[in-house]
Amino acid sequence: MDQAWRLPHFLVIAELGSVQAAARHLNVSQPALTKSIKLLEAHLGTILFDRSSRGMMMTSAGRILHDRARVIEMEWNAALGDLDAGRSGARGRLNIGVGPTYAAMFMPQVLARLAKRFPKVEFSVRTGVGTELIPRLRSGEISLYAGGLAEPGEVPSEGIEISPIYQQTNSLAVRADHPILDRLASTPQIDALYNWPWVLLSYDQHGSNAIARYFRKSGLAAPGISVSTGSLSIAIELVRNHDFITSVPEPLLHPAHGLGLAPLPTPGYNWSIPTGLTFRSSIRRTASFRALAEELQTEVAIFKLSSGPGTQIL
């Protein structure tokens, strides 16, 4: 255990692939960091990195240690977070991944409350989609992901659990004063949707497939996509200010969010996916995780109450 404090040095070098970059990140000198890794290797009796002009590449032993070291780091941070929050000294950390809708709708309020409850815990947040962040969850870079859950029938990896929170419905949407709304209200013809530009989120394969199915039911080809983007904010701005049509999660249509979006009257399009928490089993009993899950459930329940009966809480 006397060398365990060197594990963060090892993990940062493994992530950045360079002693120089890791030294800058850790705010230590490069010679001191090099010495620390050599002492760790001597203690373990094995070489952790292959050194070359291209940087530091983990050996097979390094990769084995990397997986274990992530778990050790996670448990250490959880232990610090569970200790007396009012004490001075070391801080705990909970590494979180958050999907686009959760990031926009729920997590800011949740994190604000958690910061008050756990002043000695750092909540480190990465935003992105499940296809990007779930692999980081498996590798131990993050401890939980809040967003879309696995496909039905897909078995979580060993040591990974899921906790459903709500069923997220998705709709076609435009800006609230878009002229197409009046036209569809009087003569709801699907081919009117061809007259406007479309923007789709590049990661939303469910949405792309649903649009294709919706038009195919009427014997039509799916409309051409003018813009495909991985940025939710870009997609929303194109809809709000440039008359684009898109597919969005219905929580983003809530008036309290202030985006000025409205659902299109397109019966038969709406579809839904389960959302919630995907997390490592090792954090289930930690105080910070339990509090986050509790606060998130509360925030979603508040959203449901303000939305009426349309949002299903699991």
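Some ground rules. Residues are numbered from 1 along each chain as its sequence is written, and side-chain values use heavy atoms, with hydrogens and water left out. Because the model is predicted, local features need pLDDT of at least 70 and side-chain atom pairs count only at pLDDT 80 or more, while totals for chains, interfaces and linings use all residues.

The chain has 314 residues, and 44% are buried, meaning under 20% relative accessible area with a 1.4 Å probe, protein chains only. Its secondary structure is eleven helices and twelve strands; these are DSSP runs, H or I of at least four residues for helices and E of at least two for strands, numbered from the N terminus.

Next, the cores. A nonpolar core is a set of buried Ala, Val, Leu, Ile, Met, Phe, Trp, Tyr and Cys residues joined through side-chain atoms within 4.5 Å. The largest one has 40 residues, and Tyr102 and Phe106 are among those touching the most other members. Helix 11, residues 287-307, contributes seven residues, the most to this core. Apart from it lies another core of 20 residues, including Leu181 and Ile190.

What does Tyr102 contact, leaving aside neighbours within four places in sequence? The list includes Met107, Ile165 and Leu296, where contact means heavy atoms within 4.5 Å.

Last, helix 2, residues 19-26. Val19, Ala21, Ala22 and Ala23 are buried there, and their cover includes helix 1, helix 3 and strand 2. At the N-terminal end, Ser18 is the cap, with a side-chain oxygen 3.2 Å from the backbone nitrogen of Gln20. Just after the helix, Asn27 takes a positive phi of about 60 degrees.

Key: Buried < 20%, exposed > 50% of the residue type's maximum accessible area, 1.4 Å probe, protein only. Polar contact = N/O pair within 3.5 Å; in protein donor to acceptor, adjacent residues only side chain to side chain.
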